[in-house]
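Please look over the model shown below before reading the points that follow. They are meant as a colleague's note, to be checked against the coordinates.

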Amino acid sequence: QVGLGVRTDATTRTFTQGDLQTTGNATDLAIQGDGLLRVQQANGDFAYTRAGNLRLDSTGRLVTQAGDLIDPAVTVPAGATNLTIKPDGTVTAQVPGRQDVTELGSMALFTFPNYGALQAIGGNLLQQTQASGAAVQTKPGENSAGSLNQGFLETANVKAVEEMINMITTQRAYEMNSKVIQSADQMLQKLTSLR
């Protein structure tokens, strides 16, 4: 192709770890590692997310802010206190009428052979594709899935200042290359005008 100017060749999604910010909220989770949480949407399809700002719905089930059910499901009984989500995904709470801490369930993380091929469907959700490979269920803390951090949220993994510097550097490099081409063009014009 012959022409002038530039165009975007491709866009990629980065899955690098973002900084962790403390919230103190018992249902907030930050994943420290490569894993994703699996959610079941209202239509029954599964999707995956790193957004850990979870909440309890009216029946005590752990859901996303949009109301998608976390899978495997964890239900917190009414009146339960001291909800704890351990780094290995074990969920416990103090249930009314029992003196012992009760285990309510266990959370899982999911990894993919090719994260870059996951399809974004909006709302911080990703869908599995043929190119991404099948999701592999992993217990938090094992393999490269990472662990769960209760009371934290993961902030954006893009640093705005660094990206601005990279953009300026790229723009300057483009300007320099453009000047080189202009100079070469002027030299060729002078050569062709010589007799």
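1. On the surface, Leu188, Leu191 and Leu194 make up a nonpolar patch with about 340 Å² of accessible area together, a patch being built from residues with over 30% relative accessible area and no salt bridge, with nonpolar side chains joined within 5 Å; areas follow the Shrake-Rupley method with a 1.4 Å probe, and a salt bridge is a Lys or Arg side-chain nitrogen within 4 Å of an Asp or Glu carboxyl oxygen. Leu191 belongs to helix H1 (residues 160-193), helices being DSSP runs of at least four residues and strands of at least two, and Leu191 is exposed at 56% relative accessible area (exposed is over 50%, buried under 20%).

2. This is a predicted model, in which local features need pLDDT of at least 70 and side-chain atom pairs count only at pLDDT 80 or more, whereas totals for chains, interfaces and linings use all residues. Residues are numbered from 1 along each chain as its sequence is written, and side-chain values use heavy atoms, without hydrogens or water.

3. Gln41 sits in the loop between strands E3 (37-40) and E4 (46-49) and is buried, at 18% relative accessible area. Beyond four places in sequence, Gln41 contacts (heavy atoms within 4.5 Å) Phe46, Ala47, Asp68, Ile121, Leu125 and Gln127.

Methods
Buried means under 20% relative accessible area, exposed over 50%, partly exposed in between (1.4 Å probe, protein chains only). Patches are made of residues with over 30% relative accessible area and no salt bridge: like charges are joined within 9 Å, nonpolar side chains (Val, Leu, Ile, Met, Phe, Trp, Tyr) within 5 Å.
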